[in-house]
Amino acid sequence: MWNFCDIFGRFWHSHLILLILLWFFVAPVISHPQCLDFKPPFRPQEELEFCVMYKHFGCCDSAKDQELKAKYYKIMDNFDYYGYANCAAYVQDLLCQECSPYAAHLFDAEDPSKPLRTIPGLCPDYCSAFLDRCKSTIPLFSDDPRLAELQHDKTQLCQYLELDDPDYCYPRLQSNDHLTKNLGQVSEDPEGCLQLCLEEVANGLRNPLAMVHANDGTHRLFVAEQVGVVWVYLPDRSRLEKPFLNISESVLTSHWEGDERGFLGLTLHPDFKYNGKLYVYYSVEVGFDERIRISEFRISATDMNVVDHTSERVILEIDEPASNHNGGQVLFADDGYLYIFTGDGGMAGDPFGLFGNSQNKSALLGKVLRIDVNDNERGPLYKIPPDNPFVHERGARPEVFAYGARNMWRCSVDRGDPLTKEGKGRIFCGDVGQNKYEEIDIVEKGGNYGWRAKEGFSCYDKKLCANSSLDDVLPIYAYPHKMGKSVTGGYVYRGCEYPNLNGMYIFGDFMSGRLMSLKENRHTRQWDYKEICMGTGLTCAFPGLINNYHPYIISFAEDEAGELYFLSTEIPSATSPSGLVYKVVDPSRRAPPKACHYDPLPVKVKSKTIKFHPKESLIGIELPNTRQEILDTDDWLQELFHLLEEPGLATTPKPTTTTRAPRPSKSRKGRRRKQGRHRSEAAHQNGAVRLAGDDMGRVDRGRVEIFANGEWGTVCDDLWNTKNAEVVCRQLGYRHALRASKAAEFGEGNHLRIVLDDVQCQGTEATLLDCQHAGVGSSNCAHYEDAGVICGNSLDTGH
């Protein structure tokens, strides 16, 4: 007789096998809108007249719509009234699938090994009905000889017109909620993290920390390295062999990781096209003193891509009492004046004087300075704008425009909405914090940004903070050091290519590598926060796109057209050539074709050019996408069937079993472990994970326990997020991380040691040990912060 446990155990295992089989053969469809030109869909600029079902979003502009309309009439001219009545709708439907947001799927354009279909992939029932009524239209659609051969065999013809992925066949995809929901909006993961992609633009750079354009129609980019070298990149992304500027012999920096001194800022005059002026901000050593220097240079009279190094004029020098907090931003705002952003002088807590440098308006450190460098060929090198806020205040330096800054790192001017110009001229800055908070500010004339009285929204110096005369300007956003410890200010996106990003302020953190965004709510005037993640799965599966980047985000930039970039490095040393420039890409929607077209003005090149060769690539799980790949895994499936025949499987498995078998792949043949088998501790590999603590015994969720350096331990949730959870779930054989759980949701692992803290993954690593973390065994937390996950093979909520 079977007892209850025997029956339940047998039932559980047979259903587990069924679930795995269903997951493997009937995997949930992954949304990936793509047009036949291998680019994202768009919203047409002009109304479509023929393929009106895609007038709001798809892959056709009005020109393509008219082309399909002409083709339609050419086909229908072959029919009488009866044929017209029966086939007109079918012909229109099939032709207009070139306009579908999923056109690349419907026509098999995603698979380069297959010829492009001439008729979209059809669902069997639709195909059957179409052939019953309009079989004679087939030769008019296509000259594919195979279609002609099968024309009189409906079954084989419909099989030929099927897609490998039945979810994408027409018209079924139109009623698939997963494919049509939020179509054209920026994709988000279960935690609301925006899924964007990147395009590699430049590499091999030594701590690239500034990139500017000339605004002269050439669309050149000028990229500055911390060592004091600036390179010219042409619109085809080739680099000129000869540097634009090389003052490395004068720049004070070192090879030490994290050295804040060096060439820190670059800006070109708004009238650069006519006056050839540029301004730089860099560290120098004068005797035993360290200073920051702001200098003016002019372009060479004989080469538009080289600076005349003899033309340097020192505009301003400021003594630096310490080697850190050097500021470094220089820019021209809409008023035509030069803005200079200085740090507070360094050390910690702004210890200089009674109130610190930042609150002292007679000091130039910890400030936003504004000066007039126009028409300075004769007389003083700069003048004071007459409306500077403190020109009439006794003891205040007239250059001061705003004060109370700690170390503003990377500021930008908002171009304004392309249509309404809303927001135009606002200056955004990231101000690096002390112990607790990083902040984003909008700079106002005469504004006090609080340091050292405040850090973010909280008090730092309680005595100063309580001063009623502080009257400080609050940040638009501040975040704690659990999220990152060194903000890098960014830009409000105002480019043309990715309309969904318009008005989004995108910034990052140098230490955590986190990309973030803020968008102003027009009704509340508050700024809504969204984290930015790299696209997972097929999100970034477009030619030339990648979904990973080096973690030390140094700077952001925009090109002449307003497209957004960021600069980061793998090793934060001024001499390490591991820096890259990335362009930010929204894979969910692009601008209509030709809407963003421009013709760069010619550049007279006298130097040799170095062709750009991208080094980065798309990373992630490679899912089986053909029937043959699925058949190649039959040895693994056979193992599953043997489970039912093995003795001892009638008992209910324990929820705290050892590592779950990873998802099968060809490379793992012969090394796969059967489900439910236990191994000795010594047999575990470093980085193995298991789930424990779910009260209901569910194997897809639990507290994360990791095997490291010969012992099992738990993971703290300080920086625990979906990217970390993706690594764990993929390691356990699941396709998705549905939720990253925190605060010991699945109980405290008090019987184990905490082995990992401050884990920061990109989401594509093999194990948590491959991610950034505080070090095995190093933690600053307790078991009430034990991290967990909920995994799954479909994108359900996991609750």
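A disulfide is a pair of cysteine sulfur atoms within 2.5 Å, and by this rule the count comes to 14 disulfides. The views below come from a predicted model, in which local features need pLDDT of at least 70, side-chain atom pairs count only at pLDDT 80 or more, and totals for chains, interfaces and linings use all residues. Residues are numbered from 1 along each chain as its sequence is written, while side-chain values use heavy atoms, with hydrogens and water left out.

**View 1. The disulfide of Cys87 and Cys134.** The two sulfur atoms of Cys87 and Cys134 lie 2.1 Å apart, and the torsion about their S-S bond is about -105°, so this disulfide is left-handed. The pair links distant parts of the chain, with Cys87 in helix α3 (residues 81-96) and Cys134 in helix α5 (residues 124-134), 47 residues apart; helices here are DSSP runs of H or I with at least four residues, numbered from the N terminus. Both Cys87 and Cys134 are buried, which means under 20% relative accessible area, computed with a 1.4 Å probe on protein chains only.

**View 2. The disulfide of Cys127 and Cys158.** Here the sulfur atoms are 2.2 Å apart, and the link is left-handed, with -95° about the S-S bond. Cys127 belongs to helix α5 and Cys158 to helix α8 (residues 154-160), 31 residues apart, and the pair links distant parts of the chain. Cys127 is buried, and Cys158 is buried as well.

**View 3. The disulfide of Cys459 and Cys465.** The S to S distance between Cys459 and Cys465 is 2.0 Å, and the disulfide is left-handed because the torsion about the S-S bond is about -55°. Cys459 is partly exposed, with a relative accessible area of 44%, a term for values between buried and exposed, the latter being over 50%. Cys465, with a relative accessible area of 14%, is buried.

Note on methods:
Helix = DSSP H or I, 4+ residues; strand = E, 2+ residues; numbered from the N terminus.
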